[in-house]
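My notes follow in the order I took them.

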Amino acid sequence: MKNLFSYSIRYFIPGVILLFLALPQVRGFFEYSPYLWFYLFTLSFFISFVSTPFFRWASYRFNVLDVPDPRKVHARPTALLGGAAVYISFAITVIYNFHFSDPLKGIALGSTLIMVSGLADDIWGLSARIRLLAQLLAVSLACYYGVNLTFLPNTAWYFTFFEILVTFIWIIGITNSLNFLDGMDGLAAGLTAIASFYISLVAIQSEQGFVMFLSVALCGSALGFLPFNFRPKRPASIFLGDSGSNFMGFLLGSITVMTGWATNNPVKAYSMPALILAILIFDMTYITIARFSSGKVANFREWVSYVGKDHLHHRLNNLGLSNKQTVLFIYFLALSLGISAIVLKNGRTIDGLLLVGQAFMIFFILVILMRLGAEGAEDVHYKIRSSITSILGFTKLIQEKGAGKISPAREKEFLDIIQSEGENIEKLISDLSDISKFLPHEGHDAKDETGKAEEEKTILGKVLVVDDDEHIRRLAEMSIRKNFQVIFASNGVECLEKMRTEKPDIVLMDIFMPQMNGMDAAKKIKSDVELKDARLIIQTAKKLNPKEIKEALLYADRFLLKPFSPKDLLNNVMEVFHDMYPRKRKC
C-alpha cells in the first residue's frame, strides 16, 4: 500500500498535471499572458519528468547502458537514454506552443542532428571524426537559417566569413565543453539549467520572445530530468549520454548567438554570455592549454579523441571533495558568475570590465586548485596504500625474525624491503602520530589515545572479504571495520564455506584467485537459494574490457578496480548496504 502511494505521488500525479497543461484551453489561457514563460517551463518540466522513467526502462530493455571502466566514476551499468527524454520534452514544448521562425528552424534541425548522432554514439559508438562532422553540419544548418554572430561591418565577404568562423568555433566549443563536463551525476544537466535560467531572465527582461521560448523550454527539460540524474543519497539512475550533453550544449551555444545582449556596447554584449557560460569556457580553455603544453596531444585530431581525467570536476574531486560536493561547488560558481551577468545587463561599461576582471580572479583561484589536484588523489592514495602494505609486510617479517622463524628466502625478502621501502616507512612513521591505529591486532580493535574508538563503532552488518592477498584483506578491513564486522576468505571455495556458516550481508570478492576464482564463486552464489540474497562487490587489479565488466556485473552489484582508496571502498559498501536495508542507517 505504501509503495502504491509512493508511486502515485511520484508518477501518477505529475502525469495528471501534464495532461491538464496539455489541454488547449490551458494553453490558450497562457498564450497571450505575461506568464507564458511559466506555462512553458511547467510543461517542459513535467514532460521531461514523466518521460524519463520510460527512457530508463528502454535503456535496460535494449541494453543501452554505460558500463563502468577505469576513467568513469560510476560503479554499475547505468541507463544511457536520458538525452532522449530531454530532447522529447524540449521538442514537444516548442512545437506545441510556437510558430517557427527561420533561426528557430536552423536550431531545431541542427540540434536534432546533434541528438541523433549522439544517440548513435551511445548505442554503437562513433569515431571522433564522424562526431565532429555531424557537429559541423549541424552548425552549418543553424548558420544557413540565420543563426550567426554579427560584430563586423557588412562591407566585405571576408568580414562575413570571419563572423561565421567564430560562430562555428563558439557553438562547437560550447557543445563539446558541456559533453566533457558530463562526468559526474547532475553536473551537465545542472549547468544547463543554470545557464538557460539566466538566458531566460535576459530574454524576458528585453522581450526577446524567440529566445525566451527556447531557453525556458530547455531549463524546464533539464530540471525535469535532474531528479533522476542527481539524487541526494543514491547514484544516478539514468545518464544524459552523448545525445543529451551534446544536444544541450548545442542549444546553449546557439541560443547565446541568437540573443541580443546589448545594443551598441560590445563589452556588455560579449561579457554577459561569457559570464553565464564561464564554467564551460574555462574548462575547455584550461584542458586545451594543459594538454598541448604537456604534450598529451599534438594536433586537433588527437585533441578531439583524447579522454582524460583533467577536467575541473576531476581536479576538485582529487582535492578531497566527494562527487556531490564537487557538483554543488561548480553549481555555486556558475550561479555566482550568472548573477554578475544579470547585474551587468543594466550596468555601465566600466561595470562590465570590473565584473569580467572579477571572473578572471575567480578563475585564477580555480587554476591554483586544479594544479593542486593535478597530482591526482588516486596516485597519492596508491602511494599511501603501497607504503602501508609495506609496513604490514615489514612488521610481519620483524615478528618472524624476532621469533627465529625466518627462512633464508624470507631473510632476503626482509633485507630487500628494508632497502626498497625503508625511506618510505621511516617517513610514514614520522608523519603518523600513532601508526598502531592503522594496524589491526588479533582479538581486539585498535583504539585511539582516549580509548573511545570502541564506543564510537556502530556495526551495521557483516562483510566477507575474499582475496588471496593478505595485505588487500587487511586494507579492506581497515577501511570498513568501524561500520561492519569483517570476516575473511582467501579463495572461492573458502568463500562458499564461510557464507554458509557466517551469513554475510555483503561479499567483497577478487576475481583472480587459486582453487576457485571470483567469477565462478559468484555464479555459484547467485544460483544457490541459500546464498543468492547476499550482495556482491567484484574487485580486480586487472584492466577488463567492457564485455568482461558487463559479464561480471551480471552477478555483482558493484565493480571496483584495485588499488582502491579506503574512502571509495567504504562508500561503495555503504551504498550497497543501504540499498539492501534503506531504513537501517547509521545514527
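**Core.** I began with the largest nonpolar core, which has 112 residues. A nonpolar core here is a set of buried Ala, Val, Leu, Ile, Met, Phe, Trp, Tyr and Cys residues joined through side-chain atoms within 4.5 Å. Buried means under 20% relative accessible area, exposed over 50%, and partly exposed in between (1.4 Å probe, protein chains only). L191, M248, L252 and I279 touch the most other members of this core. I listed the contacts of L191 (heavy atoms within 4.5 Å). Leaving out residues up to four places away in sequence, L191 touches L178, L181, I279, L280, I330, Y331 and A334. I then found a second, separate core of 26 residues, with V67, C495, V507 and A552 among them.

**Ground rules.** I noted that this is a predicted model, in which local features need pLDDT of at least 70 and side-chain atom pairs count only at pLDDT 80 or more, while totals for chains, interfaces and linings use all residues. Residues are numbered from 1 along each chain as its sequence is written, and side-chain values use heavy atoms, with hydrogens and water left out.

**Whole protein.** I looked up the totals next. The protein has 24 helices and seven strands. Helices (H or I, at least four residues) and strands (E, at least two) are DSSP runs, numbered from the N terminus. Of the 587 residues, 49% count as buried. Among contacts between residues at least 6 apart in sequence, 70% join residues at least 24 apart.

**T326.** Is T326 buried or exposed? T326 is buried, at a relative accessible area of 0%. Apart from neighbours within four places in sequence, T326 is in contact with M184, H313, L316, N317 and L321.

**Rings.** How many aromatic pairs does the structure hold? I found 21. Rings of Phe, Tyr and Trp (its six-membered ring) pair if their centres lie within 6.5 Å; planes under 30 degrees apart count as stacked, over 60 as edge-to-face and the rest as tilted. F29 and F30 make an edge-to-face pair, 5.2 Å centre to centre with 90° between the planes. F29 is exposed at 60% relative accessible area, whereas F30 is buried at 16%. F45 and F46 have ring centres 5.2 Å apart and planes at 85°, so this pair is edge-to-face. F45 counts as partly exposed at 21% relative accessibility, and F46 as buried at 15%. Ring pairs link F45 and F46 with F41, F49 and F228 into a cluster.

**Charges over rings.** I used this test: NZ of Lys or CZ of Arg within 6 Å of the ring centre and within 35 degrees of the ring normal. R27 lies over the face of Y96, at 4.5 Å from the ring centre. R61 lies over the face of F62, at 5.3 Å from the ring centre.

**Helix α21.** I finished with α21 (residues 492-502), whose buried residues are G492, C495, L496 and M499. Seen down the axis, they fall within an arc of 95°, so they line one face of the helix. The arc is that of the directions from the helix axis to the C-beta atoms. These buried residues pack against β3 (461-466), β4 (484-489), β5 (506-510) and α22 (518-527). At the N-terminal end, N491 caps α21, with a side-chain oxygen 3.1 Å from the backbone nitrogen of V493. Just after α21, K503 takes a positive phi of about 50°.

Notes. Polar contact = N/O pair within 3.5 Å; in protein donor to acceptor, adjacent residues only side chain to side chain.
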